Structure formats: structure tokens, C-alpha cells
Amino acid sequence: MKHAIVNGVEISGDAVQFELDRLVRFYMSHGMTMDEVKQNLPKLEEKALDQAIGAKLLLDRAQELDIPLMAADIDAEVSKVVTQVGGPENYKKALDAQGITEVQFRKELEKGAKVNKLVEQACAGVADPTEDEVAKFYEAHKAEFVVPHQVLCQHILAKGSDDAALDKIKAIRERIVSGGADFAEEAKKNSDCPSGQEGGSLGWFGRGMMVPEFDKVAFEMKKGEVSGVVSTQFGYHIIYKADEKGGGQQTLVDVHDQIKDLLRHEARGRAMDAFVAELRANAKIEYRECCGRHLHGKGEDCHCGCHH
């Protein structure tokens, strides 16, 4: 991945990773699968770097404009963080772990709040997508709004392929099906899988997400059943099927808010692209690419022989 230097300041790898994580979360929340993320990773990394450059330019511009903030605005942001980390004690521990004081942290929050206000100013003229635009998008992308068949399962694992492992899982199953033991409790006490701490919960999953032997049983068994012993490369399992939901076409009502959010995001993105383009036109942006040892502008040659 190439590196960028904006007005003499290098964009950190952490800043690019932050933008990449945000992009992945956004696109996955709008239907992109992990396989599609991997396939599109080079493009996403390129976009993340561009967004990190834009964020740097926005931060510099917000500082130049000295956008006014109320102390209450920062207090509200601090309160959000305190809640997110689980209270004042954890908040203090988090600051100590990062080696910063609360005053320093508040200053960082101020920078972010100023950028947010600048973004709102730049997007002030962006209208919400109309119902007609939402409906047209749905019709054009209908094939993308299909929910796969999914199951909700718990499991208990006895690692190994020997008689001891088999006897262990059989004994656990007998205690459960006889009505004398709770599946989740047995998982917590006896499962060799980390999921045991969550009562054996695997959450919702679709076909092909588990190894074939496990997948086949999980989808063929009935809701509320405990499976027989299932042998896989990991050992011996028993599965409890808590629920399932069939696949099918989602309606416009189902995905209306999701589409509206996506279209709003894209419209605001275009407005921000135009705003940041103006900032970029007046900035000095250089790149370090390929060999990682040479700093040069786009379109220039470096003595390692590469051209960018």
C-alpha cells in the first residue's frame, strides 16, 4: 500500500486503517460479504488512503477556520465515550493505557467536533433521497436483496478422534436429552470450543459457513432438536438448533431505510468529494510507493526505476 504526505505531514498507517475499517463496516452493513471485501481489498485500501488524506485536509481546514464550539458539545462527546467504555473508571483506565490526560483527550475530541461541523456545512445543501429514488434503486438492485436460509445453533465440542472424546460427547448428550441437563450449561462446563463460554452459541449462519459435516446436520435437523454425535476434523460435536429463517426476496419495505441511508451517504459523499477536491487542489500531496524508500510526486520517476 502506498503512503501519502500532505503538506509535509505523512498520513499514518493507523489513520488509513481507521478509514479502511469504517469502509468495510459500512459496505458489509449494506450487503457486501467478507469474500467480496477480500476481492475488492485493493480498491478499498486505495479509497481508505484517499479518505485519510481528505480527513487530514478537513482537519487542517477546520483548524484554520477556528469553528466555534460550546463546552457542552465536548461534554456530550465525553459522556458518549464514558458510556461506550463502561463507565468513569474504565474511561480513566483507557486514558491511562493510551498515556494521555483528559485535557489532551478533550482537545482531540474538539478537533473531531470541528471537522464534523465543517462536514455538516459542506453537506448543508444535500437533499434527502426521494421515495421515487429509493424505489428505483430497489428495482435496479432487486437481486441483491435476497436473504439466504440461515440457522441459529449452539454446539458442544469434544476435541479429538479417540474413544475418550467420543465417550465424553455421548455422556454429555445423554445428560441433555434425558432432560436432566441444560445445553448451555453443559457447553460452558464441558465444551472444548471457545464458544462454550457463550453457552455454545454460534449465532446465525448460512450454508457453507461451517465444515460440510456440521453444515449438513445443522440445516437438515428440526428446530428444537439436539443432534446425534457429529464427527468433523475438529472432533465430536452435538448441535442444538434454536431457530431458523428461510431465505427469500426482501421487499421494498424491508430494505427501505437501508437504501435511503445508502443513497443519502452517497449524495453526501459526492458533496464532500467536491469540497475536498477544492482543498486538494490547494494542497501539496506526495506519495511513497513500491520500494518504500523514495518520496516523489505522482507522475514522477524515482531512481529505483518505478514510475508513479
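Tutor: Buried means under 20% relative accessible area, exposed means over 50%, and partly exposed is in between, with a 1.4 Å probe and protein chains only. This is a predicted model, where local features need pLDDT of at least 70, side-chain atom pairs count only at pLDDT 80 or more, and totals for chains, interfaces and linings use all residues. Residues are numbered from 1 along each chain as its sequence is written, and side-chain values use heavy atoms, with hydrogens and water left out.

Student: Why is Gln258 called partly exposed?

Tutor: Gln258 has 26% relative accessibility. Gln258 is found in helix H11; helices are DSSP runs of H or I with at least four residues, strands are runs of E with at least two, and both are numbered from the N terminus.

Student: What is Gln258 in contact with, leaving aside neighbours within four places in sequence?

Tutor: Ser29, His30 and Phe145. Contact means heavy atoms within 4.5 Å. As for Gly31, it is 227 residues from Gln258 along the chain, with the C-alpha atoms separated by 9.9 Å.

Student: What makes Gln233 exposed?

Tutor: Its relative accessible area is 65%. Exposed needs over 50%, so Gln233 is exposed. You'll find Gln233 in the loop between strand S6 (230–232) and strand S7 (235–245). Its C-alpha is 38 Å from that of Asp14, 219 residues away along the chain.

Student: And Lys43, buried or exposed?

Tutor: Lys43 comes out at 64%; with the cut-off at over 50%, Lys43 is exposed. Lys43 lies in helix H3. From Lys43 to Lys188 it's 145 residues in sequence and 42 Å in space, C-alpha to C-alpha.

Student: How do you know which class Met34 belongs to?

Tutor: Met34 has 41% relative accessibility, so it counts as partly exposed. Met34 is found in helix H2 (residues 34–39), and its C-alpha is 8.9 Å from that of Val24, ten residues along the chain.

Student: What about Asn7, where does it lie?

Tutor: In the loop between S1 and strand S2 (9–10). Asn7 has 42% relative accessibility, so it counts as partly exposed. The phi of Asn7 is near 50°, a positive value in a residue other than glycine. Asn7 is also among the contacts of Leu57, together with Val6, Val276, Leu279, Arg280 and Ala283, leaving aside neighbours within four places in sequence.

Student: What makes a set of residues a nonpolar core?

Tutor: They must be buried Ala, Val, Leu, Ile, Met, Phe, Trp, Tyr and Cys residues joined through side-chain atoms within 4.5 Å. The largest one here has 28 residues, and Ile11, Ile53, Leu57 and Leu58 touch the most other members. Two or more residues come from each of strand S1 (3–6), helix H1 (13–29), helix H3 (41–65), helix H6 (102–122), helix H11 (252–281) and strand S9 (285–288). H3 gives the largest share, eight residues.

Student: Zooming out, how many helices and strands does the protein chain have?

Tutor: Eleven helices and ten strands. The radius of gyration of the chain is 26 Å, well over the 19 Å that the globule rule gives for 308 residues, so the chain is more spread out than a compact globule. The radius is taken over C-alpha atoms, and the rule is 2.2 Å times the number of residues to the power 0.38. Along its principal axes, the C-alpha trace spans about 75 × 55 × 50 Å.

Student: What share of the 308 residues is buried?

Tutor: Buried residues make up 34%. Among contacts with a separation of 6 or more, 68% are between residues 24 or more positions apart.
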